[in-house]
Amino acid sequence: MTKSAPRVEGLAIVEKYDTAFDYLYNITANIPRRHGVFRDALLECMTRIPRALYVAAKSKQISRIREADAELAVLRWFLRRAAEKLRIITKRQHEAVGVMLAEVGSMLGDWMKKASGSKHG
């Protein structure tokens with residue numbers, strides 16, 4: 001029974017991330033061409049997260065969950081940079097996607113706690 005729990009949560013978290021991804025993908029389409037390298041790096045970061053989430057779900061290793069959390073942190077850095085320094089996304093867009101990613105981050109945090117607890121209990 002505990003073997004299937006991470007997979008189910010892994011899928012739910014990907015579905016939650018999909019909402020943020022769709023929102024962000026539409027924003028990236030409007031990033032000016034002169035920021036193309038940044039945009040491409042942002043898109044690459046965005047597409048690495050679902051893979052990291054699925055790998056974590058399949059492996060059942062807390063280190064993989066932490067890697068997914070690190071990928072999410074990198075995405076947050078890109079978005080902060082895009083909003084505050086480059087100003088290629090609005091504050092409102094940054095806040096909206098921040099809320100979406102906070103939900104994903106919260107799910108990851110819960111997942112890490114469950115994974116840590118199951119190893120020690």
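1. A word on terms to begin with: a residue is called buried when its relative accessible area is under 20%. Please keep in mind that this is a predicted model.

2. By that cut-off, helix α3 has these buried residues: Ile62, Ile65, Ala68, Leu72, Leu75, Phe78, Leu79, Ala82 and Ala83. As a reminder, an α-helix has 3.6 residues a turn, so residues three or four places apart point the same way.

3. On the geometry of α3, the helix covers residues 62-85, 24 residues in total. From first C-alpha to last it reaches 34 Å, close to the 34 Å expected at 1.5 Å a residue.

4. Stepping back to the whole chain, you will find four helices and zero strands, in the order α-α-α-α from the N terminus on. The chain has 121 residues, and 37% of them count as buried. Its accessible surface is about 7600 Å², with 53% belonging to carbon and sulfur atoms.

5. On contacts, take the pairs in the chain that are at least 6 apart in sequence: 74% of these contacts join residues at least 24 apart.

6. One loop residue deserves a visit too. Ile31 sits in the loop between α1 (4-28) and α2 (36-59). Why does Ile31 count as buried? Because its relative accessibility is 5%, and the cut-off for buried is under 20%.

7. As for the surroundings of Ile31, its contacts beyond the neighbours within four places in sequence are Arg39, Leu42 and Ile88.

Terms used:
Residues are numbered from 1 along each chain as its sequence is written. This is a predicted model: local features need pLDDT of at least 70, side-chain atom pairs count only at pLDDT 80 or more; totals for chains, interfaces and linings use all residues. Side-chain values use heavy atoms; hydrogens and water are left out. Helices (H or I, at least four residues) and strands (E, at least two) are DSSP runs, numbered from the N terminus. The expected span of a helix is 1.5 Å times one less than its number of residues. Buried means under 20% relative accessible area, exposed over 50%, partly exposed in between (1.4 Å probe, protein chains only). Contact means heavy atoms within 4.5 Å. Accessible areas come from the Shrake-Rupley method with a 1.4 Å probe; for residues, only the protein chains shown count as cover.
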